[in-house]
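Open the model in your viewer and keep the selection panel at hand. Each stop below says what to select and what is there.

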Amino acid sequence: SRSINLAVIPGDGIGQEVVAQGLKVLDSVLPQDVKLETKEYDLGAQRWHRTGETLPDAELDALKSHDAILLGAIGDPSVPSGVLERGLLLKLRFAFDHYINLRPSKLFPNTATPLAGRPDIDFVVVREGTEGPYTGNGGSLRTGTPAEVATEVSVNTAYGVERVVRDAFERAKARPRKKLTLVHKNNVLVYAGHMWKKIFDTVGREYPEVTTDYLHVDAATIFFVTQPERFDVIVTDNLFGDILTDLAAAVTGGIGLAASGNVNPTGEFPSMFEPVHGSAPDIAGQGKADPTATVLSVALLLRHLGYEAEAARVETAVAADLAERTADRPRTTDQIGDALAVRVAS
Ligand code: IPM
Ligand code: MN
């Protein structure tokens with residue numbers, strides 16, 4: 001019989017609350033014959049305060065044995081900026097070779113967005129997840145003096161760029177519109193930018209059915225707001241993808257709806273699914289957080305593990321739930337989770 005052995009990292013702030021709803025929906029949508037096993041990992045700000053650890057080797061090793069990871073949010077103002085981000089979240093993405101950071105954007109009905117009433121928006125950002133300026137390749141000279149120099153080197157390998165570009169072409173080929181846009185900044189970042197463009201063009205020759213486009217990242221931000229329907233699949237560098245997907249979330253219904261998957265397509269390591277939003281310590285523990293982004297991340301998780309029908313059911317439930325939302329009937333995190341769990345029940 002089938003089974004899912006899931007690692008759960010609720011993490012910090014609203015992470016705990018939203019992950020509980022994601023699990024509720026997952027449990028409800030899975031057919032009876034699928035055995036869901038979950039193991040919770042105590043990682044994040046509290047653990048760091050208690051023990052000084054972010055992600056010990058033993059836990060990294062244990063996480064490896066799971067089919068997938070569901071993560072809530074990482075980060076707290078009481079921890080110096082970068083400690084948990086680098087020591088936990090990015091460490092997981094790098095250690096498990098999550099070279100595809102998948103971030104879909106859909107304009108759901110009845111959502112508060114500057115683009116409400118616009119034609120259908122339905123695109124996916126394929127953000128590179130293991131290279132670029134995120135590698136921690138940099139340094140500081142004469143630190144703390146007026147002559148301080150800081151560098152932050154963007155690392156781009158032909159191997160790393162080709163595999164993400166190829167994945168994006170495959171995704172574009174599988175979608176009705178079959179369009180792929182490369183976003184970079186090759187008029188300024190000439191070394192990395194030209195390599196990305198060269199590899200994009202070369203791989204593109206193998207996909208004659210895919211229409212291609214190139215945009216500088218600054219121009220892309222304009223089109224995200226003025227003409228988002230021009231996008232289908234976007235492939236871009238780690239940092240550009242980080243920024244663009246926050247913008248994408250803001251214009252398509254808010255960060256409360258934005259889902260993501262840190263995917264290792266080879267299956268060598270478990271992929272990790274998480275809402276794009278952070279730990280929101282200002283509203284933590286108050287039942288105010290919208291768990292929808294986590295629930296949609298669960299849909300990505302289901303699809304990744306081959307449960308396409310269940311993934312689609314979760315997405316349909318979210319669309320239906322959003323369509324019925326009204327401002328005069330606010331619901332708690334738990335109530336939204338309950339409503340979605342009822343909708344997806346098999
Ligand atoms: C995200 C976050 C992370 C990133 C941070 C917390 C390291 O902003 O998942 O988008 O920059 O990738
Ligand atoms: Mn981000």
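This is a predicted model: local features need pLDDT of at least 70, side-chain atom pairs count only at pLDDT 80 or more; totals for chains, interfaces and linings use all residues.

**Stop 1: the annotated aspartates**

Select D218, D242 and D246, where UniProt, in an unreviewed entry, places the feature "binding site". They are spread over 29 residues of sequence but cluster in space, with a largest C-alpha distance of 14.3 Å.

D218 belongs to helix α7, residues 217-226. Is D218 buried or exposed? It has 12 other C-beta atoms within 10 Å, so D218 is exposed.

Go on to D242, in helix α8, residues 238-251. D242 has 19 C-beta neighbours inside 10 Å and therefore counts as partly exposed.

**Stop 2**

**Stop 3**

Colour the chain by its domain assignment: domain 1 is 1-100 together with 260-346, and domain 2 is 113-252. Their C-alpha centres lie 24 Å apart. The contact takes 11 residues from domain 1 and 12 residues from domain 2. On the side of domain 1 that touches domain 2, the largest share, four residues, comes from helix α4, residues 83-95. The residues of that side divide into six nonpolar, two polar and three charged.

**Stop 3: a loop residue**

Select S81, in the loop between β3 (68-73) and α4. S81 counts as exposed because it has 9 C-beta neighbours inside 10 Å. S81 and E206 are 125 residues apart along the chain, and their C-alpha atoms are separated by 43 Å.

**Stop 4: helix α5**

Select residues 158-173, which form helix α5. How far apart are the end C-alpha atoms of this helix? They are 22 Å apart, which agrees with the 22 Å that its 16 residues should span at 1.5 Å a residue.

Within α5, pick out the buried residues: G160, V161, R163, V164, V165, D167, A168, F169 and A172. An α-helix has 3.6 residues a turn, so residues three or four places apart point the same way.

Next, show what covers the buried residues of α5. The cover includes the strands β4 (100-106), β5 (122-128), β8 (179-184) and β10 (233-236), as well as helix α6 (190-204).

**Stop 5: helix α9**

Finish with helix α9, residues 292-304. From its first C-alpha to its last, this helix of 13 residues reaches 18 Å, close to the 18 Å expected at 1.5 Å a residue.

How many residues of α9 are buried? The count is 12 of 13, so α9 is mostly covered. Among the buried residues are T292, V295, L296, L300 and H304. After α9 comes G306, whose phi is positive, near 95°.

Technical notes:
Residues are numbered from 1 along each chain as its sequence is written. Chains are lettered from A and ligands numbered from 1 in the order in which they are written. UniProt positions are given in the numbering used here, feature names are shortened, and annotations may be inferred rather than shown by experiment. Helices (H or I, at least four residues) and strands (E, at least two) are DSSP runs, numbered from the N terminus. A residue is buried if 20 or more other C-beta atoms lie within 10 Å of its own, exposed if 12 or fewer, and partly exposed in between; C-beta atoms are placed from the backbone. The expected span of a helix is 1.5 Å times one less than its number of residues. Two residues are in contact if their C-beta atoms, placed from the backbone, lie within 7 Å. Domain bounds come from an automatic or database domain assignment. Ala, Val, Leu, Ile, Met, Phe, Trp, Tyr, Cys and Pro count as nonpolar, Asp, Glu, Lys and Arg as charged, and the others, Gly among them, as polar.
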